[in-house]
Amino acid sequence: MVNEKTSGSEKGDSHLSFRIAIWIFVVMYACIGLSGYILFDFQKKHIKENKQKELSDIVTRRANRIVARRKEFLHEASLVHDFMALALYTVKNTKYRTPELQRTFLSSCLESIKKSYNVSRVLLTDSEGKVVLSTEGSNAINNSIGRIAMPVFKETIKAKRITLSDIYRDSNNMLTMAVVIPVLSKDYVKDDKTGDVSYAIIYDIDPYRELFPLIQDWQTEISTAETFLIRSEGNDVLYLKDFHYIKNSATAFRLSIDKNNRLPAAMALSGKQGIVEGYDYRGVPVVAAIMAIPDTPWFIVSKLDKEEIYKPIRTFARLEGMIVSLLLAFSGTGIGLLWYRKRAGIMKKYYESDESFRRIFEDSPVGIILVDKNQNIVNVNKKFCQMLEYTADEMKKLSILDVTHPDDVKSSIERNEKLFENNKIIDAEKRYITKYGKSVWVKLNASQVTDGKGKALYAIGMAVDITENLQKQEDLERNHAFTEAILDCIEDGIIAIDSEGVLRLFNKAMQRFHGITSEPENANEWTKLYDSRFNLYLSDGKTKMQRQDFPLFKVLWGDDVTNMEMIIAPKTAPSYTVLATGRMLRDKKGNEIGAVVSFHNVTELKNAEKQWENTFNSMTDLIMILDPGYKIIKVNKAFALKMGKTQEELVGLTCYEQVHGLREPRSGCPHGQMLADGKTHECEIYEERLNGYYLVSVTPLLNTIGELIGSMHAAKDITKRKSLEEDLIESNKHNESMVKDLNILLKEIHHRVKNNLQIISSLLSLQADRISDTNFQNIFKDSQNRIKTMALVHEKLYRSSNLAEIDVAEYIQDLSSELFYSYNAYPDAIELRFDIGVVSIDVDLIITCGLVINELLSNALKYAFPIGIKGRITISFNRTPDDKYMLIVSDDGVGIPEQCDIKNTESLGLQLVNDLITRKLKGKIELDRTVGTKFTMIF
């Protein structure tokens with residue numbers, strides 16, 4: 001009885017202890033839940049504020065990038081303007097250049113622009129928009145500059161300033177921006193008086209390469225992060241950049257502003273700025289930051305899905321709830337264990353019977369699995385089944401090794417043995433294989449489940465799928481490698497240090513510049529490396545740089561560095577000059593984390609400046625550069641020597657005091673005229689103080705935006721030339737009189753020679769009439785024709801205004817007509833054709849060619865076409881590719897007999913032809929008997 005009472009008392013005490021434990025469990029559960037809710041709400045607000053600030057910072061930074069890049073576009077365009085203005089000036093003022101050479105030169109200039117700025121094409125147009133030259137070749141000359149680009153072109157011509165178009169699609173449906181650069185006539189023609197637009201240079205900018213990368217990066221990896229570049233078009237929002245989810249949507253996707261008033265892009269065009277909430281083009285709730293881009297019709301909108309913003313806190317809440325639930329579940333299990341005090345099968349019965357634990361077990365967001373000592377699966381929850389794509393019944397028939405990746409089986413066995421032997425909690429990453437053969441990476445946490453005496457019954461493992469996180473890590477590493485590859489392609493050296501001065505990043509160009517190793521080094525190590533290999537100087541080349549002068553440290557200590565000039569002098573190689581530009585590095589919270597500096601090698605540019613300075617000072621003309629207030633900015637050595645002062649002493653003084661000795665500008669001063677109309681002026685003046693005549697040329701100087709900032713004067717001493725000109729004028733008057741008399745005399749000589757030859761021809765004709773022998777008559781007739789050939793030359797010279805040359809085509813045609821008449825040839829029976837490409841030759845050569853044509857044409861008229869046969873005679877006289885003369889006389893008549901050798905013939909005419917061509921003209925004759933007779937003579 002005593003034992004029964006004692007047992008009952010103990011039983012009552014046990015019930016009381018259990019009730020107290022339950023109440024403690026409930027209170028603890030409520031406190032943890034309330035704390036979790038308060039923490040969840042606090043973190044939700046904190047994340048929202050951080051994301052809004054991040055959005056605001058991102059949109060501001062990207063807008064500033066676009067503004068800066070547009071300024072770079074305009075600066076590059078001004079450099080192109082100066083380059084092409086100089087090229088056109090060179091073409092306009094260079095003598096003895098053919099149009100073909102000029103086009104070749106300008107084409108090479110356009111190709112240079114295309115290559116330097118990496119653009120698809122460059123066009124040179126006139127002021128009406130007609131393409132004059134193109135880097136796309138002659139096929140593009142007649143092409144239009146584009147329907148959309150034409151309004152920009154007209155605006156440029158009207159405003160006479162560089163214009164950058166909006167983003168649009170060209171005729172090939174390619175997204176582009178056009179840069180139109182006017183070239184005024186005053187920019188390249190000294191004597192121009194209008195200053196109108198003469199030409200324009202047009203080239204395209206690829207937004208995908210030059211603009212969109214500036215607004216695509218994010219400080220954190222957010223899958224729904226997206227940035228839009230928009231503008232209004234009528235009552236619509238026009239998207240200028242492709243969406244993440246819709247390809248080729250740039251300039252093709254638009255939405256109505258009125259019908260989509262909750263759209264952040266529509267809010268931007270309606271005047272809203274800053275942080276807004278609404279729905280994007282997919283109808284998904286988003287938070288966005290809006291900002292107008294200065295000097296453009298564009299707005300930039302950066303947005304995040306609301307779901308993405310609160311995703312981390314929701315994941316945290318689920319994980320927190322799971323952990324609390326598991327803690328409470330295990331706590332409840334412990335209470336149950338104290339109450340029931342069962343042995344080996346207590347855990348298994350608890351899992352099978354306890355409905356609340358089974359609910360926690362099944363609904364846990366983490367995969368849970370029970371495995372016995374033999375690697376057999378005892379139980380799994382829904383999450384674990386979903387991860388491996390099995391049902392619970394299917395998995396209970398398998399061992400854990402059946403679903404383990406083959407490469408991880410050995411390590412899995414070892415972990416399981418250690419778990420049961422040492423009762424240690426194991427954290428590991430491993431791979432499972434799903435039912436359909438896909439690999440799944442998990443973060444596994446495993447521990448023992450023991451009975452009341454500490455004997456291991458099962459191993460319980462909790463697995464979290466980390467496949468996506470590993471994939472993100474791989475993507476991050478791939479992006480890092482991609483970034484390093486880009487940096488290594490940049491010719492400028494780039495170097496970065498952390499806040500402690502440790503060298504962290506440097507591209508290949510930096511290694512070439514400075515020989516830096518590929519491992520991180522602290523400040524003392526890499527400064528010692530500099531000291532051992534280099535001498536660093538400031539821009540004067542004399543003052544040695546101290547540690548506080550290094551661009552990296554200046555930036556790290558709070559000073560921005562922009563184009564800081566320094567000289568790097570290797571101890572074993574020539575020195576070079578670089579421009580350093582650096583900025584502080586900050587994390588997304590604005591904390592300073594380091595500094596980055598780029599080094600641009602400008603040694604060649606500095607050498608070119610020195611060469612220009614040497615050229616400027618070596619010129620014998622007097623040159624000075626003035627500002628709009630007549631003050632001297634720069635003079636060359638010749639000018640300073642003429643003034644009797646040093647170059648430095650003349651800077652800042654007024655030109656009218658130094659050159660003319662006046663207190664104010666003189667009347668008609670070319671600099672004053674240039675200030676009035678902005679054009680080039682040139683005049684000759686006599687300067688008493690310099691005791692001579694000078695040719696003064698004044699050229700306006702403009703800045704990159706076309707504003708007048710001064711002029712350049714070039715004064716050439718023409719005193720001797722003026723004296724020679726006066727002497728030459730007197731001499732020319734005398735020479736003109738002599739030339740006129742000489743021309744009259746030469747004409748009279750040609751006239752008399754022609755008359756004498758005609759008299760001889762008439763005497764031969766009279767003598768031939770008294771001869772009855774036909775052969776003798778033909779001999780006299782041939783001689784008469786030869787004399788007429790020479791007489792015709794003198795007649796042409798007598799009637800010509802040029803006594804040195806004769807019109808070749810007219811002479812050959814007149815000579816042929818005389819021979820047709822002489823031999824009574826009928827034009828309707830014998831056709832005579834001409835191919836005369838030679839325009840004019842000297843008198844001696846035309847007489848020789850006339851005699852040759854006379855003999856060959858006479859032979860053709862006499863022998864090639866017997867009575868009743870029709871035919872054709874062709875006379876060709878042209879230049880060969882090697883600049884020789886080629887004379888061809890051919891007919892399609894009966895031909896010369898094969899036994900006739902033109903080099904050894906009794907015919908006086910052929911002997912004369914052979915001697916004139918081969919001996920006198922040092923040429924050669926070819927005879928072709930294939931069709932009729934063809935004489936080809938080259939000399």
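Q: Is K922 buried or exposed?
A: K922 is exposed in this predicted model. Its relative accessible area is 68%, so it clears the cut-off of over 50%.

Q: Where does K922 sit?
A: K922 is in the loop between α25 and β34, the strand spanning 924–928.

Q: What about the phi of K922?
A: The phi of K922 is positive, about 55°, although K922 is not a glycine. As background, most residues other than glycine have a negative phi.

Q: OK, and which strand holds N563, with its positive phi?
A: N563 lies in strand β21, residues 561–570. Its phi is near 50°, and N563 is likewise a residue other than glycine.

Q: How accessible is N563?
A: N563 has 47% relative accessibility and counts as partly exposed. That is because the value falls between the 20% and 50% cut-offs.

Q: How far is P897 from T933?
A: In space, P897 and T933 are 9.8 Å apart, C-alpha to C-alpha. Along the sequence, 36 residues separate P897 and T933.

Q: Now helix packing. How do α24 and α25 cross?
A: Helix α24 covers residues 843–864, and its axis comes within 9 Å of the axis of α25. The two axes cross at roughly 150°. That makes α24 roughly antiparallel to α25, because the angle is over 145 degrees. The crossing of α24 and α25 is left-handed.

Q: Which residues make that contact of α24 and α25?
A: From α24 the contact uses D844, T848, L851, V852, E855, L856 and N859. From α25 it uses G909, L910, L912, V913, L916, I917 and K920. By class, the contact of α24 with α25 has eight nonpolar residues, plus three polar and three charged.

Q: What about the crossing of α23 and α24?
A: Helix α23, residues 808–822, has an axis that comes within 10 Å of that of α24, and the crossing angle is roughly 35°. The crossing of α23 and α24 is right-handed.

Q: Which side chains are involved there, and how many are charged?
A: On α23 the contact is made by V808, Y811, I812, L815, S816, L819 and F820. On α24 the residues are I846, G850, I853, N854, L857, S858 and L861. The contact of α23 with α24 has no charged residues; its classes are 10 nonpolar and four polar.

Q: Changing topic: which residues touch the most other members in the largest nonpolar core?
A: That core has 49 residues, and M84, I167, I201, Y203, L229 and W298 touch the most other members.

Q: What does W298 touch?
A: Leaving aside neighbours within four places in sequence, W298 is in contact with I66, R70, D166, I167, M177, L211, L229, I230, R231, L240, A292 and I293. Apart from the core already discussed lies another, of 43 residues, among them I830, L857, L861 and F939.

Q: And T156, buried or exposed?
A: T156 is buried, with a relative accessible area of 0%. T156 is found in helix α3, residues 149–159. Not counting residues up to four places away in sequence, T156 touches R161, T163, V180 and P182.

Q: Where is S447, and what does it touch?
A: S447 is in strand β16, residues 439–450. Not counting residues up to four places away in sequence, S447 touches L419, I425, Y458, A459 and I460. S447 and K424 are 6.5 Å apart in space, C-alpha to C-alpha, and 23 residues apart in sequence.

Q: Last one, the overall picture. How many helices and strands are there?
A: The protein has 25 helices and 35 strands. Of its 939 residues, 41% are buried. Among contacts between residues at least 6 apart in sequence, 51% join residues at least 24 apart.

Technical notes
Residues numbered from 1 in each chain as written. Predicted model: local features only at pLDDT ≥ 70, side-chain atom pairs only at ≥ 80, totals over all residues. Heavy atoms only, no water. Axes fitted to C-alpha atoms, helices over the stretch in contact; angles between N-to-C directions. Helix = DSSP H or I, 4+ residues; strand = E, 2+ residues; numbered from the N terminus. Parallel < 35°, antiparallel > 145°, perpendicular 65-115°, else oblique. Left-handed = near helix turned anticlockwise from the far one by under 90°. Contact = heavy atoms within 4.5 Å. Nonpolar A, V, L, I, M, F, W, Y, C, P; charged D, E, K, R; others polar. Core = buried A, V, L, I, M, F, W, Y, C linked by side-chain atoms within 4.5 Å. Buried < 20%, exposed > 50% of the residue type's maximum accessible area, 1.4 Å probe, protein only.
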